[in-house]
Amino acid sequence: MDALPLTEHLGRIAPVIDEWLDRNPGGKVVVCEANRFKYKGNWKLAYDNSCDGYHVAYSHRSLLETENRMAGDNAKGMAYYRDSPDTLAMYMRYTGNGNHYKDKRPNLEKRPGGLWALEAAQPGMESYEADFIRRYGRDRAFALLDLAGSEPVNINVFPNFSLLGNHIQVFEPISVGETNAIWYGTMVVDAAGELGDAVTDINALRMRTQEAFPNFGEVDDVANFEQVQRGLMAVEDEWVYMHRGLGIPGRVKTLADGTITAPATDEAFMREHVKEWKRLMKSRLNLAIRREP
Ligand SMILES: [Fe+2]
């Protein structure tokens, strides 16, 4: 069995990647240096995590509490998980070939500054905001500040690539029980000169927003991955349970195009990508790499 051409492998996740990219000027970003993590656990633990909206309220509790303190009555950062993540306006969609995304964009207000309004508190953001309003006027300032905000979507390309907020994350398996999880930052580029003198400030601010999750959130996830890996070595129970949402009428829906959608807290995506992993592991793969002439 040969590997699919990339565009076929991406399939229905490709337009979601296009949307992620096209919100940036010229439909481009520059990849920056990275936050690099190494954890003592299997690579699949990171892929299982990347679309999961269920663990947020308890795994990231300290980050949530910090953001809630700063957010007041507003839902900022991950604070929109604080009430009932089961019934929030966000969803998971499995698009086939192990690929899926968690779409939190229905939480956004569709206006300049809608994305910026959701951004969690960061050092210096108030003074940048005031300065941008003074320099560019309100509407233009908020449209520019949206470029520094994190896109609220997690896009996961099987087996080891994710677009999380503005980050590009790659998992590198080292062994069955060791993985590198690398979070590359991204900056906007302004080839057409649309942003003028704002581009440097936008990227400075975008760096601040991108420092937040890897430093205050990913550390929680990595701790959990290592705990899960140790738990998996227990001999008492060989099964891993990923049946959240399974069998509840009306929760997991297969759409006319074959994609599957469910609340962002269901484990439907895990069941589907594990099926794909199992199918591939049972196949006789042709691993020869051919270059185009
Ligand atoms: Fe997490």
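In which kind of crossing, left-handed or right-handed, does helix 7 pass helix 9? In this predicted model, the crossing is left-handed. The rest of this passage starts from that pair of helices and then moves out to other parts of the chain.

Helix 7 runs over residues 125-136. With twelve residues at 1.5 Å a residue, helix 7 should span 16 Å, and its end C-alpha atoms do sit 16 Å apart, which agrees. Helix 9 covers residues 199-216, which makes 18 residues. From its first C-alpha to its last, helix 9 reaches 26 Å, close to the 26 Å expected at 1.5 Å a residue.

How do these two helices sit against each other? Two packed helices are described by the angle between their axes and the distance between the axes. For helix 7 and helix 9, the axes come within 11 Å and cross at roughly 160 degrees. Angles over 145 degrees count as roughly antiparallel, and the two helices are therefore roughly antiparallel to each other. On the helix 7 side, the residues that meet helix 9 are M125, Y128, F132 and R135. Their partners in helix 9 are D201, I202, A204 and L205.

D201, I202 and L205 are among the buried residues of helix 9. That list also takes in V199, N203, R206, T209, Q210, A212 and P214.

Q122 sits in the loop between helix 6 (114-118) and helix 7. Leaving out residues up to four places away in sequence, Q122 touches R208, T209 and A212. Why does Q122 count as buried? Its relative accessible area is 10%, and buried means under 20%.

From helix 7, the contact is made by E129, F132, I133 and Y136. Helix 8 brings R138, R140, A141, F142, L144 and L145 to that contact. F132 is named in the contact with helix 8, and F132 also meets helix 9. Helix 7 is followed by G137, whose phi is positive, near 80 degrees.

What about backbone geometry elsewhere? Most residues other than glycine have a negative phi, and most peptide bonds are trans. N97 has a positive phi of about 55 degrees, although it is not a glycine. N97 is placed in the loop between strand 2 (91-96) and strand 3 (99-103). With a relative accessible area of 25%, N97 is partly exposed. Then there is the peptide bond from F158 to P159, which is cis, with omega near 5 degrees. P159 belongs to the loop between strand 4 (153-157) and strand 5 (161-164).

One residue ties these two spots together. E276, in helix 11 (residues 268-281), touches both N97 and F158, along with Y94 and G98, not counting residues up to four places away in sequence. E276 is buried, with a relative accessible area of 12%.

A couple of pairs show how sequence separation and spacing in the model can be set side by side. L287 is found in the segment after helix 11 and is exposed, at 69% relative accessible area. L287 and D2 are 285 residues apart in sequence, yet 7.3 Å apart in space, C-alpha to C-alpha. D18, in helix 2 (residues 14-22), is partly exposed, with a relative accessible area of 43%. Between the C-alpha atoms of D18 and D190, 172 residues apart along the chain, the separation is 18 Å.

Finally, the cysteines. How many disulfides does the model have? The count comes to zero, where a disulfide would need a pair of cysteine sulfur atoms within 2.5 Å. C32 is buried, with a relative accessible area of 18%. C51 also counts as buried, at 0% relative accessibility.

Note on methods: Residues numbered from 1 in each chain as written. Predicted model: local features only at pLDDT ≥ 70, side-chain atom pairs only at ≥ 80, totals over all residues. Heavy atoms only, no water. Helix = DSSP H or I, 4+ residues; strand = E, 2+ residues; numbered from the N terminus. Expected span 1.5 Å × (residues − 1). Buried < 20%, exposed > 50% of the residue type's maximum accessible area, 1.4 Å probe, protein only. Axes fitted to C-alpha atoms, helices over the stretch in contact; angles between N-to-C directions. Parallel < 35°, antiparallel > 145°, perpendicular 65-115°, else oblique. Left-handed = near helix turned anticlockwise from the far one by under 90°. Contact = heavy atoms within 4.5 Å.
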